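Have the sequence and the 3D view open side by side.

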Amino acid sequence: MNRARSGLTWLIRLLKAGQPGVILEIVRRKIYSNSTSFCLRRDLTRSFEAPPATIPITVRPIQDAEAANLFDPDAPGLSVDEIHDRIARMGLSQSGIPQCHVAINNHGAPCYAQWLMSSADNDRIQEYFRGSFPILAPDEALLEGAFTPESHRGQGIMARAMALIAERARDFGARYVITFVGEDNIASLKGCKRSGFAPYMLRIVEWRLLRPRVTFLPLSERKPYPLDQEKAMSKTA
């Protein structure tokens with residue numbers, strides 16, 4: 001599924017879910033908005049032990065039936081945010097970009113999902129995400145689309161699952177795994193830190209009249225890393 005078709009499907013599903021306000025906000029952002037994300041990177045040659053979750057989990061590639069259920073935006077009792085998240089993940093699942101992995105709990109149910117992409121997927125990544133990610137080098141992999149159902153949040157699943165999924169990049173010869181997190185998403189930044197990821201560079205995305213302009217920049221003192229600021233403040237408190 002190409003990006004245009006996926007976007008149309010996304011809008012239709014949001015309309016069916018009775019979320020016109022979400023659609024208007026998406027359109028507004030794509031007419032004019034600026035956002036900054038941190039690129040975080042993990043070096044797989046460095047020794048690292050995945051942090052524990054509060055429940056036992058294992059990771060493996062997702063199965064089709066699991067994707068249909070895990071990303072179903074029509075499931076009862078979902079919040080507006082989770083409907084939005086599921087629609088986005090369903091679009092990515094249907095794009096054909098490999099490989100979505102899931103964390104499985106001790107009851108055999110998926111409780112986390114994330115895509116691990118290799119440099120072999122560069123063309124599809126660039127087409128689907130419209131240049132939002134850099135071209136991956138042969139020794140690089142990309143983690144994207146992290147999703148934890150609301151029923152499994154607050155159990156430390158993200159940090160452990162992300163760490164374990166990242167290590168699977170060794171299977172296709174990657175040394176580095178990168179991921180992107182919005183500068184204001186402190187919870188995800190902390191989860192990535194627990195997964196062995198450290199700040200590497202910045203991404204600036206400027207939307208103007210439905211067209212994105214993406215810039216990748218080295219880290220600098222002009223944009224301090226939020227977790228470093230928290231650490232400095234705790235030392236002076």
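Which residue just after H4 takes a positive phi? It is Gly96, with a phi of about 85°. Please keep in mind throughout that this is a predicted model.

Since we are at H4, let's look at the helix itself. H4 covers residues 80-94, which makes 15 residues. From its first C-alpha to its last, the helix reaches 21 Å, close to the 21 Å expected at 1.5 Å a residue.

Now zoom out to the whole chain. You can count eight helices and eight strands. Of the 237 residues in the chain, 43% are buried. The accessible surface comes to about 12600 Å², and carbon and sulfur atoms hold 52% of that area. Contacts across the sequence are also worth a look: of those with a separation of 6 or more, 72% are between residues 24 or more positions apart.

Leaving aside residues up to four places away in sequence, Thr36 touches Gly182, Glu183, Leu202, Arg203, Ile204 and Lys223.

Side chains of opposite charge can pair when their charged atoms come close. The structure holds nine salt bridges, and one of them joins Glu167 to Arg42, with the closest N and O atoms 2.8 Å apart. This pair links distant parts of the chain: Arg42 sits in S1 and Glu167 in helix H6 (residues 157-167), 125 residues apart. Arg42 is buried, with a relative accessible area of 2%.

Asp43, also in S1, pairs with Arg175, which lies in the loop between H6 and strand S6 (176-182), 132 residues away. How do the two partners compare in exposure, buried or exposed? Asp43 is buried at 11% relative accessible area, while Arg175 is partly exposed at 35%. The pair also belongs to a network of salt bridges that links Asp43, Arg46 and Arg175.

Arg213 and Glu206 meet at 2.8 Å, N to O. Arg213 is exposed, with a relative accessible area of 54%, and Glu206 is partly exposed at 22%.

Finally, turn to the cysteines. A disulfide is a covalent bond between the sulfur atoms of two cysteines. How many disulfides does the structure hold? The count is zero. Cys39 is buried, with a relative accessible area of 0%, and Cys111 is likewise buried at 0%.

Note on methods: Residues are numbered from 1 along each chain as its sequence is written. This is a predicted model: local features need pLDDT of at least 70, side-chain atom pairs count only at pLDDT 80 or more; totals for chains, interfaces and linings use all residues. Side-chain values use heavy atoms; hydrogens and water are left out. A salt bridge is a side-chain nitrogen of Lys or Arg within 4 Å of a carboxyl oxygen of Asp or Glu. Helices (H or I, at least four residues) and strands (E, at least two) are DSSP runs, numbered from the N terminus. Buried means under 20% relative accessible area, exposed over 50%, partly exposed in between (1.4 Å probe, protein chains only). A disulfide is a pair of cysteine sulfur atoms within 2.5 Å. Contact means heavy atoms within 4.5 Å. The expected span of a helix is 1.5 Å times one less than its number of residues. Accessible areas come from the Shrake-Rupley method with a 1.4 Å probe; for residues, only the protein chains shown count as cover.
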